[in-house]
Amino acid sequence: MPRDSLSATQQFAPVEIEVEERPGGVRLLRSQHKWAGTSQTIIDRLVYWASLDPGAVLVAERDGSDWRHLTYGEAWSIAGAVASELRQCGCSGDHPLLILAGNGIAHAIYMLAAFRAGVPVAPISTAYAAYGTFDRLRLVVEISRAKAAFVGAEISADARDAIAGMGLQLLGLPPQAAKGDEGPAGHETIGPDTIAKLMFTSGSTGTPKAVIVTHGMMAANQEQLAAVWPTPVHARPRLVDWLPWNHTFGGNFVFNMALWNGGALYIDDGRPAPGLVERTLAALQDVRPTRYFSVPAGYEILVPALEAAPDRAKLCFENLEFAFCAAAALSQSTRDRLAALLRTATGREIPILGGWGSTETAPCSTAVHFENELAGNIGLPLPGVSIKMVPTGGRTELRIKGPNVFPGYWHAPDATKKAFDDDGYYCIGDAGRFVDPDRPERGLAFDGRVAENFKLQTGTWVTVGSLRMALVEAARPWIQDAVITGHGRSEIGALLFVNETHCREALDLGPEDLLSECLELREIVREKIDHHNKTAGGSSMRIERFRIEDMAPSPDRGEMTDKGYINQSAVLSARCDSVEDLYARGSCRTSSPASADR
């Protein structure tokens with residue numbers, strides 16, 4: 001992206017980094033950008049905007065074909081009234097408010113009320129209330145030690161009864177308005193170290209843990225991003241977003257970006273997914289956002305939908321200043337198509353940005369803020385962040401220290417101790433590498449989860465993240481995602497999740513037809529994998545077996561996180577029968593002859 005494609009008010013901050021060499025091949029990568037930090041909190045920003053422009057929209061949700069709005073002034077006064085209620089029902093710094101509800105104005109009010117009251121808020125996935133004995137829901141209630149819960153209207157009566165049976169007081173819908181400021185005086189006692197949230201991890205590396213998110217972490221992250229990203233033409237952003245608030249991307253990154261900058265967040269009641277993308281397109285066309293955020297699975301659906309309707313794409317993105325993708329690596333082909341789509345729709349080069357982090361880092365620790373056309377680039381450390389690069393098993397593990405990093409897990413000292421190394425760096429469990437080893441300023445590339453990698457019987461290491469991306473890229477548009485198998489075996493295999501919409505349309509299949517039984521689809525996929533294998537190199541990058549799964553990854557079983565990232569270990573655990581079948585059936589083999597290096 002040529003730099004002169006940005007206006008004078010939209011220039012990225014200059015790249016200023018330092019690479020410090022340490023013994024044992026360890027490197028420390030730091031931003032040299034001058035950044036003074038911040039002493040503000042998210043609630044301070046609500047006070048600021050409610051005073052400056054009380055009638056401005058903070059959050060909007062669908063009301064039929066129109067929008068219902070919550071202004072900054074209303075948010076401040078109503079949250080104040082609800083904050084008093086939270087204190088009266090036993091919520092405190094040690095006993096959080098649980099929120100089991102989708103994104104909405106009521107959810108926003110309760111979250112801001114908890115902030116005002118100095119009470120941690122624990123938003124949890126609505127998927128936990130969607131099935132069975134509610135064991136996972138009971139687990140997070142026990143971990144949180146919550147005293148009260150706001151439960152959305154979309155939650156079933158059985159789940160509501162189960163929560164009440166766990167000893168929580170159920171709270172009703174917040175008031176539509178409040179007279180004056182009825183909240184507790186002295187909100188200024190809420191400081192950077194005050195706990196704002198408990199965010200539950202997806203459990204991709206074990207039992208979910210409650211991550212302590214402080215007001216200071218969230219505030220620092222917004223200041224860090226503002227320091228390096230282009231200053232927007234529209235200084236107060238207008239956003240359309242579907243990302244769930246129980247997850248750090250939607251609940252911390254996007255929501256806080258609107259609030260911090262005095263912007264408006266319009267809640268997308270659809271999402272880029274089959275059957276729901278039309279709602280997303282309608283919201284985009286209504287609001288015409290200045291920034292857009294999503295995950296790879298979202299862009300995979302959105303891009304072809306707008307390619308088929310170029311006039312609509314122009315309406316949706318005419319005001320767009322940048323697009324952002326996180327949570328997993330966007331494929332290069334989809335990134336290139338998105339860039340072309342935005343260029344055609346706007347007549348401008350629209351930056352497509354990326355970043356990297358986790359729930360424990362509020363969430364962003366690195367971000368792209370320079371010219372870049374590579375989909376896998378996760379950028380460079382934000383101001384105040386130090387990345388420790390540690391050689392591990394032939395790759396480089398990334399560890400993080402900075403003002404956006406969490407202080408620990410809620411009432412879990414052992415887990416907290418294990419999360420940090422002796423130098424106080426958070427061990428996130430991800431690997432990365434320089435895009436160009438000779439030019440560190442070009443950024444880092446995500447290199448998969450350290451724990452996902454495994455060895456074949458030959459002793460060959462398999463780097464799951466890079467292999468998965470290469471496989472999915474090679475088999476597009478037929479394959480949506482994949483899980484790599486082969487731990488302790490002689491061959492690498494893959495459980496494949498197809499792009500159901502494309503497959504059924506292209507092959508004229510009805511809803512009753514099992515995709516796994518379609519011989520034509522199987523041969524198409526086999527051909528795609530064979531082509532990948534011919535150029536893949538050694539046995540560590542070649543797929544010898546595959547199996548098409550009929551059932552998509554299930555968030556209820558932990559196979560898919562709310563942000564759309566597939567949980568490799570959970571899928572392998574839940575589908576052990578599929579894995580055994582994969583290695584038992586000859587029909588699962590690819591056609592490529594095995595290499596001599598296997």
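**Salt bridges and a helix pair**

Me: Hi! What is the relative accessible area of Arg343?

Reply: Arg343 has a relative accessible area of 36%, so Arg343 counts as partly exposed. Bear in mind that this is a predicted model.

Me: Thanks! And which residue does Arg343 form a salt bridge with?

Reply: With Glu349; their closest N and O atoms are 2.7 Å apart.

Me: How many salt bridges does the count come to?

Reply: The count comes to 34. One of them pairs Arg476 with Glu300, with the closest N and O atoms 2.4 Å apart. That pair links distant parts of the chain: Arg476 sits in the loop between H13 and strand S24, Glu300 sits in helix H9, and 176 residues separate them.

Me: Is Arg476 buried or exposed?

Reply: Arg476 is buried, and Glu300 is buried too.

Me: Switching topic: at what angle do the axes of H13 and H15 cross?

Reply: They cross at roughly 130° and come within 9 Å. The two helices are therefore oblique to each other, and the crossing is right-handed.

Me: Which residues make the contact?

Reply: H13 brings Leu467, Ala470, Leu471 and Ala474, while H15 brings Lys528, Ile529 and His532. Five of the contact residues are nonpolar, one is polar and one is charged.

Note on methods. Residues are numbered from 1 along each chain as its sequence is written. This is a predicted model: local features need pLDDT of at least 70, side-chain atom pairs count only at pLDDT 80 or more; totals for chains, interfaces and linings use all residues. Side-chain values use heavy atoms; hydrogens and water are left out. Axes are lines fitted to C-alpha atoms, for helices over the stretch in contact, and angles run from 0 to 180 degrees between N-to-C directions. Helices (H or I, at least four residues) and strands (E, at least two) are DSSP runs, numbered from the N terminus. Angles under 35 degrees count as roughly parallel, over 145 as roughly antiparallel, 65 to 115 as roughly perpendicular and the rest as oblique. A crossing is left-handed if the near helix is turned anticlockwise from the far one by less than a right angle, and right-handed if clockwise. Contact means heavy atoms within 4.5 Å. Ala, Val, Leu, Ile, Met, Phe, Trp, Tyr, Cys and Pro count as nonpolar, Asp, Glu, Lys and Arg as charged, and the others, Gly among them, as polar. A salt bridge is a side-chain nitrogen of Lys or Arg within 4 Å of a carboxyl oxygen of Asp or Glu. Buried means under 20% relative accessible area, exposed over 50%, partly exposed in between (1.4 Å probe, protein chains only).
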